[in-house]
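Colleague: I'm new to this one. Can you walk me through it?

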Amino acid sequence: MRYDPVPSGVTPAQPPRLLDSVRAQIRLRHYSIRTEQAYLGWIRRFILANGKRHPREMGGDEVAAFFSRLATEGKVAPATQNQALAALLFLYREVLRMELPWLQDVVRAKRPKRLPVVLPVEDVARLLSAIPEGVTALMARLLYGTGMRLMECLRLRVKDVDFARSEICVRAGKGNKDRRVPLPVSLRDRLLQQREQALFQHQRDLAAGGERVHLPNALARKYPSADMQTGWQYLFPSHKVSHDPRTGRRGRHHLSEEVLQRAIKQARLQVAILQPASCHTLRHCFATHLLDAGCDIRTLQELLGHKDIATTQIYTHVLGRGAGAVLSPLDRLPVPALSVLESTRGPDDQRV
């Protein structure tokens with residue numbers, strides 16, 4: 001009698017699809033949802049560009065040709081090309097578990113060094129005043145007043161704003177690191193009002209059907225009722241409920257980043273600022289204006305959350321302080337020490 005490993009009437013399990021395997025490996029490493037979307041997009045684009053062939057059937061030649069088309073035909077930026085390369089390397093190394101002897105032949109795009117756009121204090125004031133009063137105006141002022149990134153501001157929870165210590169705790173920032181930034185005194189009352197509005201919306205959601213907020217990692221399973229607690233609610237909740245892209249769970253997320261991006265773009269056009277200012281420009285202005293006011297660079301590094309101080313040092317170049325702005329140590333000597341030179345001048349000395 002022949003042994004059949006699969007019982008009759010039972011369909012053998014199908015192996016997971018390639019993109020599902022990629023998604024599983026990304027989530028295993030706790031990559032962000034944006035990294036997941038970017039990697040899946042590049043892998044899908046790579047497969048379609050090669051006639052839907054499986055990546056196992058392709059290698060260095062196809063990868064090099066793909067990047068060549070990106071650079072010559074797509075004219076993508078070096079950062080975009082390197083992001084596509086990172087996605088394909090993740091596919092071959094972490095998902096397909098394939099050796100890459102051809103990796104050394106793949107040309108990496110050299111990313112140029114660019115100085116960030118920094119607006120004068122007067123232009124920042126005009127830009128912020130042009131945004132209509134409301135949630136978007138509050139968020140824009142927070143970006144400039146704290147140096148937070150756009151998504152760091154949008155993901156603030158009610159519990160992250162410490163009014164007693166006048167601090168804001170930025171959770172899981174870039175590099176999955178936490179840090180603290182100062183709470184601007186001028187925004188204290190407006191933030192208190194925003195917190196009350198967010199909590200009022202939360203109470204309405206609970207009364208209407210118990211819409212719950214998204215919790216990171218496994219906190220929803222470890223603390224089943226935490227997503228209903230007031231401290232975990234978003235400080236800037238969305239105007240409508242939506243579904244979590246990973247779990248499919250219905251709840252109220254934070255505001256979309258496009259809301260603030262559009263508001264700043266319209267304000268920039270309204271006040272006729274020629275520089276391509278964006279939400280991230282306010283972070284650059286925060287850093288540069290702090291340095292200009294005398295803040296030391298080590299403190300600024302902590303406030304910005306930079307891993308390497310070399311990243312923070314770019315703002316010293318933005319200040320435009322060249323050799324002419326440096327005070328010579330000779331000029332710091334007291335006046336009596338300088339007068340010695342005048343007293344030793346001989347009759348034959350001439351001024352140049």
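Colleague: How many bridges join β1 to strand β2, and which way do they run?
Modeller: 2 bridges join them, and the strands run antiparallel. Here a strand is a DSSP run of E with at least two residues, a helix is a run of H or I with at least four, and both are numbered from the N terminus. Two strands count as paired if DSSP finds at least two bridges between them. One caution: this is a predicted model, where local features need pLDDT of at least 70 and side-chain atom pairs count only at pLDDT 80 or more, while totals for chains, interfaces and linings use all residues. Residues are numbered from 1 along each chain as its sequence is written, and side-chain values use heavy atoms, with hydrogens and water left out.

Colleague: Which residue is the bridge partner of Val161 in β2?
Modeller: Ile168. β2 covers residues 167-170.

Colleague: What is the strand order in the open sheet?
Modeller: β1-β2-β3, 3 strands with antiparallel pairing. β1 (161-162) and β3 (179-182) stand at the edges with a single partner strand each, so one side of each has no neighbour in the sheet.

Colleague: How many bridges pair β2 and β3?
Modeller: 4 bridges, in the antiparallel sense. Val170 stands opposite Arg179 of β3.

Colleague: Which way do the side chains of β2 point?
Modeller: Glu167 and Cys169 go one way, Ile168 and Val170 the other. All of them are buried, which means under 20% relative accessible area; exposed is over 50%, and partly exposed is in between (1.4 Å probe, protein chains only). In β3, Arg179 and Val181 make a covered face, while Arg180 and Pro182 make an uncovered one. In a regular strand, side chains alternate between the two faces of the sheet.

Colleague: What about the hairpin of β1 and β2: how many residues lie between the strands?
Modeller: 4 residues, and Ser166 in that hairpin takes a positive phi near 55°.

Colleague: Where else is phi positive?
Modeller: His30 has a positive phi of about 60° although it is not a glycine. His30 sits in the loop between α1 and α2. It is exposed, at 61% relative accessible area. Lys75, also not a glycine, has a phi near 50°. Its place is the loop between α3 and α4, and Lys75 is exposed at 66%.

Colleague: On to α4. How far apart are its end C-alpha atoms?
Modeller: 25 Å. The 18 residues of α4 should span 26 Å at 1.5 Å a residue, so the two agree. The expected span is 1.5 Å times one less than the number of residues.

Colleague: Which residues of α4 are buried?
Modeller: Among them are Gln81, Ala84, Leu85, Leu88, Phe90 and Val95. Their cover includes α1 (18-28), α2 and α3 (60-72).

Colleague: New topic, aromatics. How many aromatic pairs are there in the whole structure?
Modeller: 5. Tyr39 and Phe90 form one that is tilted, 5.7 Å centre to centre with 55° between the planes. Rings of Phe, Tyr and Trp (its six-membered ring) pair if their centres lie within 6.5 Å; planes under 30 degrees apart count as stacked, over 60 as edge-to-face and the rest as tilted.

Colleague: Where do Tyr39 and Phe90 lie in the chain?
Modeller: Tyr39 is in helix α2 (residues 33-49) and Phe90 in helix α4 (residues 78-95), 51 residues apart. Both Tyr39 and Phe90 are buried. Elsewhere, ring pairs link Trp42, Phe46, Phe66 and Phe67 into a cluster.

Colleague: Which charged residue sits over the ring of Tyr234?
Modeller: Arg157, with its charged end 4.2 Å from the ring centre. Lys159 lies over the face of Trp232, 4.4 Å from the ring centre. The test is NZ of Lys or CZ of Arg within 6 Å of the ring centre and within 35 degrees of the ring normal.

Colleague: And the whole protein: how many helices and strands?
Modeller: 15 helices and 5 strands. Buried residues make up 37% of the 352 residues.

Technical notes. Contact means heavy atoms within 4.5 Å.
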